[in-house]
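Q: Please take a close look at a single part of this structure and describe how it is put together.

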Amino acid sequence: MSSTIQTGPGAFTTTARDRLLSYLAKRQSSRKPEAVALTPDASTREYFRIPWERGTAIAAVYPEPFDPQVHPYLDVTRLFLDCGLPVPEVYEAEGTDGIIVQEDLGDQQLCQVLETATDEECETLVEQAIGIIARIQAATPRAFELDSIASRLAFDEAKLTWELNFFFEHYFGSLRHETLRHGEAAELKAELNDVAAELSARPRVLCHRDYHSFNLIVDKRHRLRVIDHQDARMGPASYDLVSLLLDRVTAMPPLAEIRERRLFLLAERGRLGLEPYDPDDFAREFRLMTVQRCLKACGTFSFQTGVRGRVDPYAQFIEPMLDIALQAAQWLDRFPALQRMISERIDSDSVRAKGN
């Protein structure tokens, strides 16, 4: 889930579809080139399902040429496959055309499967997803050995602060068209800076970075697979778990369930021989990470809604993300300015909704 949509001066002037069809015509001269567009997310990439050998594949078409040796998606895919992580196999990469052809995992996102699965099936799938988080974290040393781009990027203070500033700019400005009083803005910014500073000081492990149920696919063999992993980087051990449990939900799960999931991740880490965490310390990190991640998500959804006009599907998640961030701040008994400002806006929006 990218926050902004940017292209550089080297962007192609032809459409993604035209480039893909031309590429397929040259490669598959014996058949008519076909490409079925797939729904994009908040991304510069366009995706298509295409015929490939004896089946189908997914083509990701980028807005600019790239060098396959240093491309983030290909770099992280090599790392994840090397570590046995369940990402799609790359069949072909044509940097001059900006095209990556990869394994077709199907269309069953985990979020969709969970809607109709039994309680037992849901539990099994969520535990499998958490187990993959632990396996990603176990790949941390290998990321450094391979000098992966993921080992050279981190949720450092600058990155976390940038994301929180993005929330500040686009939630209050682009979405609500508010100009905060100087003192009010300074008070909130100080608290957001504290969030970034504390999280950046936590021990770091390899993180997927956008690990939620929209980016997990149940493939044709009913295996859980991971996509959209090109932004992997080092960060707190709670990062991907917060994303999995809380990103794009419409209500906070029960606290007992959240606690059970945290303990399950710690148990999975232990099973893989990773460094143990004190459960209470991990719970505090999880709550602080919840504040940051949910505000970050709110900033992205506010940008998509207020700037790009993509009300559907993003607007529905803005208030729930704010409410979850508020609850986490309350659990921590910290960040009074943030608590006050979120509560006031949630309350005013609720009153306005009832009036309509």
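**The sheet and its surroundings**

A: In this predicted model, alanine 37 has phenylalanine 48 of β2 as its bridge partner. The pairing of β1 with β2, which covers residues 46–52, is antiparallel and rests on two bridges.

These strands belong to an open sheet of five, and its order is β1-β2-β3-β5-β4, with antiparallel pairing. The edges are taken by β1 (36–37) and β4 (90–94); each has a single partner strand, so one side of each has no neighbour in the sheet.

Helix α2, residues 72–82, lies across β4 and β5. Relative to β4, helix α2 runs at about 155°.

A disulfide is a covalent bond between the sulfur atoms of two cysteines. The structure holds zero disulfides. Cysteine 83 is in none, as the nearest cysteine sulfur, that of cysteine 207, is 14 Å away, while a disulfide needs two cysteine sulfur atoms within 2.5 Å. Cysteine 83 is partly exposed, its relative accessible area being 29%. Cysteine 111 is likewise in no disulfide, and the nearest cysteine sulfur belongs to cysteine 122, 12 Å away. With a relative accessibility of 15%, cysteine 111 counts as buried, because that term applies under 20%.

Methods. Residues numbered from 1 in each chain as written. Predicted model: local features only at pLDDT ≥ 70, side-chain atom pairs only at ≥ 80, totals over all residues. Heavy atoms only, no water. Buried < 20%, exposed > 50% of the residue type's maximum accessible area, 1.4 Å probe, protein only. Pairing = 2+ DSSP bridges. Helix = DSSP H or I, 4+ residues; strand = E, 2+ residues; numbered from the N terminus. Contact = heavy atoms within 4.5 Å. Axes fitted to C-alpha atoms, helices over the stretch in contact; angles between N-to-C directions.
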